[in-house]
Amino acid sequence: MSISARNISWRIGKKLIVDDVSLNVSQGQTLGLLGPNGSGKSSLLRILAGLRRPDSGSVLLDGTDIARMGKKQVARRVAFVEQHGATDANIRVGDVVKLGRTPHHSPFSSWTVADDHIVTEALERVEMADRRSQGWQSLSGGERQRVHIARALAQSPVEILLDEPTNHLDIHHQIQLMRLISTLPMTSIVALHDLNHAAMFCDSLIIMQHGRIVASGTPDEVLTESLLMDVFQVEARVGVSPFHGKKHIHFL
């Protein structure tokens, strides 16, 4: 088992945001987190990444409680791509991606040829290698998102967690990114709004509502017309695409 959560709960004041959530994600699996706005997806991702401590419950990485691991130890294996990453500094694209190598260095270690190769490969994977010397402030929102994903890939993580990674991307880069995530040799947990992307690219899904898991399983098991109405308040027909053989949702 790569990453798991046991009875995670987290609240803001008296409001329960994540309510008794348990999950298990196997090594190399792509798990999609779905749910309406405010369902707790982003908060759960931050807890799983070790960026927020739950009020109760635990997160385990290969059976080890993340609370017992040092921040650098966690950062060596868990990468997190937030929904709205920002910086005011006009640093170069290549330098942003180089930050992903920070957990793998001590204050006295030198940059290596291997580090440079990892950064280059990460930029190539998101089609941003030709922007390596370009300033951050000159990039569009979609280009910045792709650089953030390259920075996460440069961490060489075992698990990568992504919060709405297709936001700001055009349709070409949405498909390219989801295809990349689904083929990465690492565990991926990705919060999504696009149900058809989830059906096409995720091995399994978790549906959240009001901070709780209300359904889990494969896309075929989870994406039903009744669930779409109950959770998302949309009327739809669910069929199979003749193009890729996966579930496809037609909204009415």
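Predicted model: local features only at pLDDT ≥ 70, side-chain atom pairs only at ≥ 80, totals over all residues.
Two or more lining residues are given by each of helix H1 (41-48), strand S4 (56-61), helix H2 (71-75), strand S6 (78-81) and helix H5 (141-154), and of the elements concerned S6 gives the most, with 4 residues. When the lining of the largest pocket is divided by class, 20 residues are nonpolar, 9 are polar and 7 are charged.

By class, the lining of the second largest pocket holds 1 nonpolar, 8 polar and 3 charged residues.

The buried positions in H1 are Lys41, Ser43, Leu44, Leu45, Ile47 and Leu48.

Strand S3 (residues 30-34) is largely enclosed by the rest of the structure, because 5 of its 5 residues are buried. Thr30, Gly32 and Leu34 point one way from S3, whereas Leu31 and Leu33 point the other way, and burial applies to all of them. The strand is joined by 4 bridges to strand S8 (residues 187-191), with which it runs parallel, and in this pairing Thr30 stands opposite Ser188. A parallel arrangement is likewise found between S3 and strand S9 (residues 204-209), again with 4 bridges, and here Leu33 stands opposite Ile206.

A separate set of strands forms an open sheet of 4 strands in the order S2-S1-S4-S5, with antiparallel pairing. The edges of this sheet are S2 and strand S5 (64-65), each of which pairs on one side only. Strand S1 (residues 3-12) and S2 are paired in the antiparallel sense over 7 bridges, and within that pairing the bridge partner of Arg11 is Leu16 in S2.

Helix H6 (residues 171-183) has 13 residues, which at 1.5 Å a residue should span 18 Å, and the separation of 18 Å between its end C-alpha atoms agrees with this expectation. Buried along H6 are His173, Gln174, Gln176, Leu177, Met178, Leu180 and Ile181. The cover over these buried residues includes S3, helix H4 (113-125), H5, strand S7 (159-163), S8 and helix H7 (195-201). The strands S3 and S8, both part of this cover, are the parallel pair joined by 4 bridges.

Lys98 lies in helix H3 (residues 93-98) and is partly exposed, with a relative accessible area of 29%. Leaving aside its neighbours within four places in sequence, Lys98 is in contact with Trp111, Val119 and Arg132. The C-alpha atoms of Lys98 and Ala122, which are 24 residues apart along the chain, are separated by 9.9 Å.

Most residues other than glycine have a negative phi. Asp62, by contrast, has a positive phi near 50°, and its place is in the loop between S4 and S5, where it is partly exposed with a relative accessible area of 47%. Ser156, which is not a glycine either, has a positive phi of about 55°. This serine, Ser156, is found in the loop between H5 and S7, and with a relative accessible area of 36% Ser156 is partly exposed.

Conventions
Residues numbered from 1 in each chain as written. Heavy atoms only, no water. Nonpolar A, V, L, I, M, F, W, Y, C, P; charged D, E, K, R; others polar. Buried < 20%, exposed > 50% of the residue type's maximum accessible area, 1.4 Å probe, protein only. Pairing = 2+ DSSP bridges. Expected span 1.5 Å × (residues − 1). Contact = heavy atoms within 4.5 Å.
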